[in-house]
Amino acid sequence: MLQQRVITALVLLAILLPALFYGSPLPFTVVVLVLMAAGAWEWGRLCGFGQAGSLAVGAACVALCLGSWALGWLTQPLTVLWIVGGALWVLGTAWLLRAGVPGWPRIPAAVRLIAGVLALWLAWLAVVQARHVGINFLLSVLVLVWVADIFAYFAGRAFGLRFTKGKLAPAISPGKSWEGVWGGLAGVLVLSFAWVAADAHWQAEVLSFYSRMARQGWWLLVVAALFMTAMSVSGDLVESLIKRSAGVKDSSGLLPGHGGVLDRVDALLPTLPLAMMLTSLTTPL
């Protein structure tokens, strides 16, 4: 299993890194489009579709992405879209986590299907727009999610249930603790201040997400970092809730040793549009 995980990770990095750092955003746009198409195919399976139906769901997601690309949305200000998408993510996540696993099947099947495809499309649009803004900006958002996850894991392993009596969401993801969440929050706060200092020291031509928030006030940087971390954790919990309702461990086996694409991007689905929303509301892109 470990060997599989390592090989899969190396293959993904060999594809993603050259695409990310290529002079034009085009290769990265295409690579992420393929990943989102795969995620939409997985979503179709989680919604109970067979192979043909799931492929149709993937095709619908690709059509949405290509349509917005043809309309020139990849480089246009989309403040209203980010506000609406961000609000839906926050409200929908709050409702889902409160309703728990039994609440998911109560949502009409068509609504579940459409919501998933739109979430993947919105995340694709957000990550591609972030790449157009600049690599430093995009990486600062991606690393936020990874640091939150890593710090949460180790803090949970070291301090889980030492300061609290109950787990974070035992019916959804029994392995997560409040101590892990606090560890993730602490890690992201350290990351955000360090990145702002690095931007200033190296006089970054493209400001990171953190520097853009800090320019409006240090209080906003702290609030944004905490909010983004909370939504990162929530995105992970939402996918766990859906998989538990569907009775599966992984969204698919497309990534040997890592599960499926949705298993790897669940925390990014809400954070990418929300990062674009906060940035659009505070600083011009």
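First a definition for myself: helices here are DSSP runs of at least four residues, numbered from the N terminus. I also note that this is a predicted model.

**Entry 1: H2 and what follows**

I began with helix H2, residues 26-46, and checked its length. At 1.5 Å a residue, its 21 residues should span 30 Å, and the end C-alpha atoms are 30 Å apart, so the two agree. Next I asked how much of H2 is covered: 15 of its 21 residues are buried, so I wrote "mostly covered", with buried meaning under 20% relative accessible area. Just after H2 I found Gly48, which has a positive phi of about 95 degrees.

**Entry 2: H4 against H5**

Two packed helices are described by the angle between their axes and the distance between the axes. I looked up both for H4 (residues 79-99) and H5 (residues 109-133): their axes come within 12 Å and cross at roughly 130 degrees. H4 and H5 are therefore oblique to each other. The crossing of H4 past H5 is left-handed.

Which residues meet there? From H4 I listed Leu81, Trp82, Gly85 and Trp89, and from H5 Ala119, Trp121, Leu122, Leu125, Ala126 and Gln129. Sorted by class, this contact of H4 with H5 has eight nonpolar residues, two polar and no charged ones.

**Entry 3: H4 against H11**

I stayed with H4 and turned to helix H11, residues 268-282. H4 and H11 pack at an angle of about 135 degrees, and their axes are 8 Å apart. That makes H4 oblique to H11. H4 passes H11 in a left-handed crossing.

On the H4 side I wrote down Thr79, Trp82, Ile83, Gly86, Trp89 and Val90. On the H11 side the contact uses Leu269, Pro270, Pro273, Leu274, Met276, Met277, Ser280 and Leu281.

**Entry 4: Gln203**

Where is Gln203? I found it in the loop between helix H7 (178-201) and helix H8 (209-214). Buried or exposed? Gln203 has 68% relative accessibility, so I put it down as exposed.

**Entry 5: Asp236**

Asp236 lies in helix H9, residues 218-246. At 17% relative accessibility, Asp236 counts as buried. I skipped its neighbours within four places in sequence and looked for contacts: Asp236 touches Lys176, Asp266 and Ala267.

**Entry 6: Val147**

Val147 is in helix H6, residues 135-159. Its relative accessible area is 14%, so Val147 is buried. I also looked at Ala186, which is 39 residues from Val147 in sequence, with 9.7 Å between their C-alpha atoms. Not counting residues up to four places away in sequence, Val147 touches Gly187, Val188 and Leu191.

**Entry 7: Val62**

My last stop was Val62, which sits in helix H3, residues 51-70. With a relative accessible area of 22%, Val62 is partly exposed. Ala38 is 24 residues away from Val62 along the chain, and their C-alpha atoms are 9.7 Å apart. Which residues does Val62 contact, leaving aside its neighbours within four places in sequence? I found Leu33 and Ala37.

Note on methods. Residues numbered from 1 in each chain as written. Predicted model: local features only at pLDDT ≥ 70, side-chain atom pairs only at ≥ 80, totals over all residues. Heavy atoms only, no water. Axes fitted to C-alpha atoms, helices over the stretch in contact; angles between N-to-C directions. Helix = DSSP H or I, 4+ residues; strand = E, 2+ residues; numbered from the N terminus. Parallel < 35°, antiparallel > 145°, perpendicular 65-115°, else oblique. Left-handed = near helix turned anticlockwise from the far one by under 90°. Contact = heavy atoms within 4.5 Å. Nonpolar A, V, L, I, M, F, W, Y, C, P; charged D, E, K, R; others polar. Expected span 1.5 Å × (residues − 1). Buried < 20%, exposed > 50% of the residue type's maximum accessible area, 1.4 Å probe, protein only.
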